[in-house]
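Visitor: I am new to this structure. Could you show me how to read its features?

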Amino acid sequence: MCGLEYRGYDSCGFAIKDNSKIGLKKTKGKINLLKTTTRPGAYFTLGIAHTRWATHGVPSFINAHPHHDCKKKIFVVHNGIIENYRELKAYLKKKHHRFCSDTDTEVIPHLIEEFSKRHSFFEAFLKTVNMLKGSFAISAITSSEDALFFARKDSPLIMGVAKEGFILASDIPAITPFTKNIVHIKDGWVGRISRDKFEMFNFKGKKVRAAAEKTDISLGAATKQHYAHFMLKEIYEQPHVCARLYSFYVHNTRIEFKDLNMDIKFLKSLKRIFIFACGTAYHAGFVAKYFLEKICDIEVEIDVSSEARYRRFKLGPDDLVLAISQSGETADTIAALREAKKRKAKIVGVCNVLGSTITTESDGLIYTLAGPEIGVASTKAYTAQVFSLLLFSLHLAYLRKSISTAFFKQCLSELRSVSKHHKTILKNAASIKKIAKRFSRFGCFLFLGRGINYPSALEGALKLKEISYIPAEGYPAGEMKHGPIALIDEYRAVVCIAPRGELYSKIVSNIQEIKARKAKVLAIVEEKDREAQSLADAAIHIPSTKYSQISPLLVALPLQLFAYFVAKNLGCEIDQPRNLAKSVTVE
Ligand code: AGP
């Protein structure tokens, strides 16, 4: 259960079976609260547990999972959303079922109870599953059988096969401490696990074949080591992640994407790319859009997945879709991917978790190799996405002959140096900490960037707001005069991303406009910078690069460290910010 807490942590609970009795414990808040109320050393062989990210009903004891039927004999945990729960609840109330929570989930144990009156437990479970609309990964236990029942539709669920028994979980990192043998349960499957065997069926009750595969995710990668927070540890992992990506994809001066699975002819003649992603992954895609357009001479359309899936893009077999996601389980991105698939576009998943839904449903894969990311605020997964996508853009440009060999080689050598540059930036963490202390008193931040660093500004603002709860907006600096500059006065803090490059003099002018209105400016500048730095109230340096288009890979680190230290100063819960979850598996 601890392994799952990063998926939601506003309440939690478990139900365990001891002979024919089922005991229930739950609480509002995090798992450590539950531990204090639980008898140490309790032994059991069958149980279900859940950590919640509230969708229906406030975080509370009553709304925490597991939920049960009227007689407290059937217990259920559920991830996802039951869209028709109101109709089902009305139907069940007419049959005199009593409800105690505000959740959509609670209809499930009551439906099973209702159908169990005339059917075996498994038949009742299957009948229930077939009545549910929406998305769900469910597991259930009953006092009448020594078995665990489960079903999956549009919400992730996997099963681990360990020496001691079987474990169901929403994703792989939660169970790697126990086993590396994983069965990927498919959408539309239900199953039953007993002491020494498991069986799986489709929703019609027909048996399906399911086999375990070995995962390569190691437990070591998911521990905090000596760092105060996972976020800090993951920030410090970035030089290694970039070095790993470089040696994985670059061989001498050749870039090779083994799992891309795209015909070279198709890539050469490609006219449009669509990018779908959410949050930080969207910002990584936005950086890639600038780069792809610049060097591949290609039209790139990008949208957040939750919008993209409802838009009527002209999308067809000649188009390529990049679905970017750290977890590979983000419901909005999966929905956008499926929509694109219906229209026969080719899909490449840009993903950090092998075996996740996005990797299995895409035609090809760009594996981002960041290793498990536990901090809710994405850091190393972002740089890994940007790094892989820049490599992919270079690969595409090379195939399409839209860049010279000299430029290709220069860019590769710049990318090889990113890891070294990251180490230089990280050595400077103490001075970023001091600056963060000075800026922690501001109640509102603007992050400004131009060109390929406009997405960096969006990402910097997202990092700060999600872990420190300080309102922060990312803006293209040139857009200030069209409205946001009205916000500027001596009480505002503005972070200006100003590495050298074609738009440098423009952003220097923007800094001047801000200073004229007395806001405090923190500038992210290159080592040898004079102009922008002389205008700013504080400056953080990044190493200079020959090709400015790779600067988002460097700018990201000071922005992450700045957000981290501000949040730390304010005493915020950095790895598990309020209201958030690491994997957003509901729409
Ligand atoms: C970023 O810090 C957030 N945790 C969030 O925006 C995240 O990037 C988004 O939910 C997408 O997740 P994914 O990459 O797993 O699809």
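This is a predicted model: local features need pLDDT of at least 70, side-chain atom pairs count only at pLDDT 80 or more; totals for chains, interfaces and linings use all residues.

Visitor: How many cavities of 30 Å³ or more does the structure hold?

Guide: Rolling a probe the size of a water molecule over the atoms shows where empty space is left. On a 1 Å grid over the protein atoms alone, a cavity is a set of points where a 1.4 Å probe fits but cannot get out. Its volume is the space filled by probe spheres set on the points, which are joined across faces, edges and corners. There are 3 such cavities here.

Residues are numbered from 1 along each chain as its sequence is written, and side-chain values use heavy atoms, leaving out hydrogens and water.

Visitor: Which residues lie nearest the centre of the largest cavity?

Guide: Lining residues have an atom within 4 Å of a point. The largest cavity has 20 of them, with Trp 53, Thr 55, Asn 79, Gly 80 and Val 586 nearest its centre. Strands β3 (46–52) and β5 (74–82) each give two or more residues to this lining. Strands (E, at least two residues) and helices (H or I, at least four) are DSSP runs, numbered from the N terminus.

Visitor: Which residues of helix α2 are buried?

Guide: An α-helix has 3.6 residues a turn, so residues three or four places apart point the same way. Buried means under 20% relative accessible area, exposed over 50%, partly exposed in between (1.4 Å probe, protein chains only). In α2 (residues 85–94), Tyr 85, Leu 88, Lys 89 and Leu 92 are buried. They sit on the same side of α2, because they cover an arc of only 100° around the axis. That arc is taken from the directions from the helix axis to the C-beta atoms. The face turned away carries the exposed residues Arg 86, Glu 87 and Lys 94.

Visitor: How many salt bridges does the structure hold?

Guide: A salt bridge is a side-chain nitrogen of Lys or Arg within 4 Å of a carboxyl oxygen of Asp or Glu. The structure holds 26. One joins Asp 187 to Arg 152, with the closest N and O atoms 3.2 Å apart. This pair links distant parts of the chain, 35 residues apart. Asp 187 is partly exposed at 29%, whereas Arg 152 is buried at 9%.

Conventions
On a 1 Å grid over the protein atoms alone, a cavity is a set of points where a 1.4 Å probe fits but cannot get out, and a pocket is an open set with protein on both sides within 12 Å along at least five of seven lines; lining residues have an atom within 4 Å of a point.
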